[in-house]
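I am opening a new notebook page for this structure. My plan is to look up a few places and write down what I find.

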Amino acid sequence: MTDDLSTLGLECSEDWVPFPVTGTIDLSYWARYQAEELVERYARDGEKGNAPALARDLERAAADSRSREPLGAFGWYISGHQTVAAVLELDAIHPDETYPEVTLDLLAESMSATDFGPPDVRRVRLPLGDAVRIRQNLVEERKRLFGPRPVVRTLFHGVRPPTTDAAVTLMVSWTEPVLDEPLEGIVDGIARTLKL
């Protein structure tokens, strides 16, 4: 089998802005251009966008994703909001000397945390292959020395396509509890569009 993931793709709505996580694109320039695009989209939806605030947030969110070097990343920008509501990162886990085979059990074990009790781990079937779905809340590091430790909500899908030795992973994270239910449905739908 091969580990060629060059044709990996997914489908999501225009609310998900693709971040430039590879290459040498200047993030400040990209963020200013993308912010203007968002302001136009918000206006079509009857909402107001603040281009400078959006540009700052886009650059910060894209730089944060770029630091993890995923295969792809997207930010969910809801019309009228000036900050990213959720971040989606697409990546792969390849076999190595320690783990010569990347199994669903290995994904479930390595991607689960118990910060708030046991995670919701399910085996699911996606068009791309057998998968594990993990919904959990995690405690993030403090932003300031004496500040609170924010709760990060995550939904992870790890799928083993039959055509590759690697596992394809899709992780979405957000902080607003009100988004839990709608995002779970949206992300499960995006996971069903994964193709290779």
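In which helix does Val-187 lie? I looked it up: Val-187 lies in helix 4. I note at the outset that the model is predicted.

**Val-187 and its surroundings**

I checked the accessibility of Val-187 next. Its relative accessible area is 0%, so Val-187 counts as buried. I then listed what Val-187 touches, leaving out residues up to four places away in sequence: Leu-155, His-157, Leu-170 and Val-172. I also took one C-alpha separation. Val-187 and Phe-156 are 31 residues apart along the chain, and their C-alpha atoms are separated by 9.0 Å.

**The cores**

I followed Leu-170 from there. I then asked which residues have the most contacts inside the largest nonpolar core. They are Trp-16, Leu-170, Val-172 and Leu-183, in a core of 27 residues. I noted the elements that give two or more residues to this core: strand 2, strand 3, strand 6 (151-160), strand 7 (167-174) and helix 4 (180-191).

**Aromatic pairs**

How many aromatic pairs does a search of the whole structure find? I got 2. In one of them, Trp-16 and Trp-76 are stacked, with 5.6 Å centre to centre and 15° between the planes. Trp-16 is in strand 1 and Trp-76 in strand 2, so this pair ties together parts that are 60 residues apart in sequence. I checked burial too: both Trp-16 and Trp-76 are buried.

Phe-19 and Trp-30 form an edge-to-face pair, at 6.0 Å centre to centre and 90° between the planes. I placed Phe-19 in strand 1 and Trp-30 in helix 1, 11 residues apart. Phe-19 and Trp-30 are both buried.

**Strand 2**

I turned to strand 2. Why is strand 2 described as largely enclosed by the rest of the structure? I counted 5 of its 5 residues as buried, and therefore the description holds.

Strand 1 and strand 2 run antiparallel and are joined by 4 bridges. Trp-16 has Trp-76 as its bridge partner in strand 2. Strand 2 also pairs with strand 3, in the antiparallel sense, over 5 bridges. There, the bridge partner of Gly-72 in strand 3 is Leu-90.

**Helix 2**

At its start, I found a side-chain oxygen of Asn-50 within 3.0 Å of the backbone nitrogen of Ala-53. Past the helix comes Glu-69, with a positive phi near 55°.

I listed buried residues of helix 2, including Leu-54, Asp-57, Leu-58, Ala-61, Ala-62 and Ser-65. Against which elements do the buried residues of helix 2 pack? I noted strand 1 (16-19), helix 1 (27-44), strand 2 (72-76) and strand 3 (86-93).

Terms used. Residues numbered from 1 in each chain as written. Predicted model: local features only at pLDDT ≥ 70, side-chain atom pairs only at ≥ 80, totals over all residues. Heavy atoms only, no water. Buried < 20%, exposed > 50% of the residue type's maximum accessible area, 1.4 Å probe, protein only. Contact = heavy atoms within 4.5 Å. Polar contact = N/O pair within 3.5 Å; in protein donor to acceptor, adjacent residues only side chain to side chain. Core = buried A, V, L, I, M, F, W, Y, C linked by side-chain atoms within 4.5 Å. Phe/Tyr/Trp six-rings, centres within 6.5 Å; stacked < 30°, edge-to-face > 60°. Pairing = 2+ DSSP bridges.
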